[in-house]
Amino acid sequence: MTFTERTTDARSFRHWPGNVEADYIYTSGIAGERFFRELRDHGRLMGTRCSECGTQWVPPKLFCEECFKEVHDWVELPREGTVGAACIVGVALDGSRLSAPEAWGLVRFAGFRGGFVHRLLVTPDRARAGLRVRAVLKPEGTRTGAITDIRGFSP
Amino acid sequence: MRVGIVGVGVTPFRPTTPEFSWKELMYDGAQRSYADAGIDPRSDVGSFITCAEDYYEGFGIFDEFTPDQLGAVLRPMHTVGGDGIQGLANAVMQIRSGLADVVVVESHSKASDILTFTGIVAHGLDPIWNKPLGGHPNYVAGLEMDAFLRGSGNRSEDCAAVVAANRQTALLNPIAAYGARVTKEQAAKSPALWAPLRQLDASTLADGCVVLVVAGEAAARKMRSEPVWIEGIGWASDSPSLETRDWVAPAYATLAAEMAYRLAKVRDPARSFDLAEVDDKFSYKELQHLEALRLARKGHAGKMARSGDLAAGGKLPTNVSGGSLGCGNVLEASGLHRVAEAALQLRGEAGRLQLDGVRRAVVQSWRGLPSASGGVAVLGVGR
């Protein structure tokens with residue numbers, strides 16, 4: 001078989017199924033470690049503040065995206081955030097339809113750059129920009145120190 | 001020194017390509033481009049550049065797999081882990097620095113080999129802050145569309161107009177995989193899988209390969225009477241995380257355009273081009289990118305889509321090739337595809353899609369979900 005003499009019989013095409021074995025552990029890092037410990041042990045959401053330019057970051061960063069300085073100061077987020085954008089998802093990762101569509105939101109906090117992209121624990125018709133929301137956490141003692149310790153955000 | 005495009009090779013885009021391996025697909029694209037330029041890659045090319053992402057290919061260290069099918073064995077070559085316009089920028093730099101006279105730039109998609117594309121997109125999300133939450137990753141596009149429409153004042157009907165226009169014009173493009181008589185009403189009523197983003201707002205994956213031959217002015221003039229000049233080129237990335245990037249205006253496109261416009265001495269973009277090819281992997285992205293490139297005033301791109309300004313014969317014909325919505329999403333080859341379509345228009349060789357008097361065009365790429373990176377090229381003929 002050559003480029004000038006191509007297969008026209010679809011039954012003769014062959015492929016070899018394969019997969020990529022690629023398992024990892026992802027290091028939370030110094031800033032992530034502190035954030036997730038505060039979340040797990042005290043139910044607090046924390047960000048960092050750059051002493052150079054004053055920008056407050058959440059998720060917390062140990063280096064400032066704006067001025068590239070090391071960041072040392074920690075600050076607690078306000079209790080309430082605001083939905084900046086919303087999306088109602090009707091399909092699962094595998095493409096199958098969800099029986100109950102789920103709401104996602106970009107949640108912003110006054111005075112902070114960043115926020116969280118997370119589930120909104122409201123019915124789809126209520127999920128919209130401008131909604132004031134709070135983090136809903138898993139009960140103390142069941143939290144493991146991960147972003148999934150936040151179940152989502154609700155009014 | 002000017003740098004010109006002297007060879008254009010595009011394989012027809014298709015939903016699947018069962019008869020070719022990805023290497024054969026590249027060989028097919030390369031043959032077309034070398035025939036167009038009239039060159040022998042074994043003797044006439046100084047450097048080869050491929051643009052690819054390992055996870056799209058399905059194996060690691062892609063650049064180790066590329067020399068033979070391009071005629072590049074034992075020659076300088078490297079892979080750019082990015083979109084084709086980023087590779088084209090590397091070609092321009094190699095030529096202008098004197099490292100090479102003739103450079104080949106390749107990118108392709110064999111997306112039909114990928115069984116779990118959505119999983120690969122999800123794998124592009126931050127593994128600590130985003131990915132553990134699960135969910136279909138197109139929520140990122142749905143959130144961005146919501147932020148963009150509200151922040152800019154464009155409307156979801158405008159996005160439906162983009163879908164209809166690009167799917168319909170693709171019927172005239174022989175390489176397009178998804179040309180169809182989709183109407184605005186159909187697009188506006190397709191399932192809202194990631195509301196406000198609907199199923200038809202999203203482009204569909206396709207297989208295809210694009211290869212360009214690029215040369216310095218002296219070499220280019222020997223190969224073609226009228227090369228397509230790369231007058232300006234640029235690339236940029238927004239803040240990498242979902243949380244800190246700009247969700248209304250795509251900073252990567254604005255910054256890449258500023259870089260390309262500076263080189264090409266473009267001062268008034270809205271009046272400088274006869275053709276635009278901007279990324280439309282999602283319908284709203286076309287509108288967002290038009291505004292970021294200052295081709296439309298803030299909040300007015302949708303009106304341009306609705307009123308026919310973006311159609312052939314309109315004020316600024318945009319994506320008359322069909323774009324990604326009509327031709328198919330060819331992943332990292334998307335930018336090179338747009339460059340190829342614009343180059344054919346500038347050469348007067350765009351067949352039934354040919355516009356009158358195309359002398360200068362702007363092309364823009366986006367690396368696709370969940371990235372915030374892309375490139376811009378300004379192309380022209382004459383002078």
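A residue is counted as buried if 20 or more other C-beta atoms lie within 10 Å of its own. The model examined here is predicted. By this cut-off, helix H15 of chain B, residues 334–347, is largely enclosed by the rest of the structure, because 12 of its 14 residues are buried. The buried stretch opens with Ser334(B), Gly335(B), Leu336(B), His337(B), Arg338(B) and Val339(B), which are among the buried residues of H15(B). Ala340(B), Glu341(B), Ala342(B), Ala343(B), Gln345(B) and Leu346(B) are also buried. Just after H15(B), Gly348(B) adopts a positive phi of about 75°.

The sheet of chain B comes next. Nine strands form an open sheet of mixed pairing, in the order S3-S2-S4-S6-S1-S7-S10-S9-S8. S3(B) and S8(B), the latter spanning residues 275–277, stand at the edges. Each has a single partner strand, so one side of each is left without a neighbour in the sheet. From one strand to the next, the twist averages 25°.

Strand S4(B), residues 102–110, pairs with S6(B) in the antiparallel sense over nine bridges. Within this pairing, His108(B) has Cys209(B) in S6(B) as its bridge partner. Two helices pack on the sheet. Helix H11(B), residues 251–264, touches S7(B), S9(B) and S10(B). The direction of H11(B) makes about 145° with that of S7(B). H15(B) packs on the sheet as well, touching S1, S4, S6, S7, S8, S9 and S10 of chain B. The direction of H15(B) makes about 170° with that of S9(B).

Strand S7(B), residues 228–237, is largely enclosed by the rest of the structure, because eight of its 10 residues are buried. Its pairings can be described in turn. S1(B), residues 3–10, joins S7(B) in the antiparallel sense over two bridges. Here Ile5(B) stands opposite Val228(B). Eight bridges link S7(B) to S10(B), residues 373–380, and these strands also run antiparallel. Gly234(B) stands opposite Val376(B) in S10(B).

A helix pair in chain B was also characterised. Two packed helices are described by the angle between their axes and the distance between the axes. The axes of H8(B), residues 156–169, and H12(B), residues 283–292, come within 8 Å and cross at roughly 105°. On the H8(B) side, the contact involves Asp158(B), Cys159(B), Val162(B) and Val163(B). On the H12(B) side, it involves Ser283(B), Tyr284(B), Glu286(B) and Leu287(B). The residues of this contact divide into five nonpolar, one polar and two charged.

Chains A and B meet in a contact that takes 34 residues from chain A and 31 residues from chain B. On chain A, strands S4 (80–91), S5 (97–108), S6 (113–114) and S7 (116–120) each supply at least two residues of the side that touches chain B. S4(A) gives the most, with eight residues. The side of chain A that touches chain B divides into 20 nonpolar, 10 polar and four charged residues. Strand pairing also crosses between the chains. Two bridges join S4(A) to S5(B), residues 194–195, and the two strands run antiparallel. Val89(A) stands opposite Trp194(B) in S5(B).

Backbone features were then considered. In chain A, a cis peptide bond joins Val58(A) and Pro59(A), with omega about -5°. Pro59(A) lies in the loop between S2(A), residues 56–58, and S3(A), residues 73–76. Phe68(A) is also found in the loop between S2 and S3 of chain A. The phi of Phe68(A) is near 65°, a positive value in a residue other than glycine. Phe68(A) counts as exposed because it has 9 C-beta neighbours inside 10 Å.

Chain B holds a cis peptide bond between Ala195(B) and Pro196(B), with omega about 10°. Pro196(B) is placed in the loop between S5(B) and S6(B), the latter covering residues 207–216. Leu74(B) has a positive phi of about 65° although it is not a glycine. Leu74(B) is found in the loop between helix H4(B), residues 67–70, and S3(B), residues 77–80. With 7 C-beta neighbours inside 10 Å, Leu74(B) counts as exposed.

Conventions
Residues numbered from 1 in each chain as written. Chains lettered and ligands numbered in written order. Predicted model: local features only at pLDDT ≥ 70, side-chain atom pairs only at ≥ 80, totals over all residues. Contact = placed C-beta atoms within 7 Å. Helix = DSSP H or I, 4+ residues; strand = E, 2+ residues; numbered from the N terminus. Nonpolar A, V, L, I, M, F, W, Y, C, P; charged D, E, K, R; others polar. Pairing = 2+ DSSP bridges. Axes fitted to C-alpha atoms, helices over the stretch in contact; angles between N-to-C directions.
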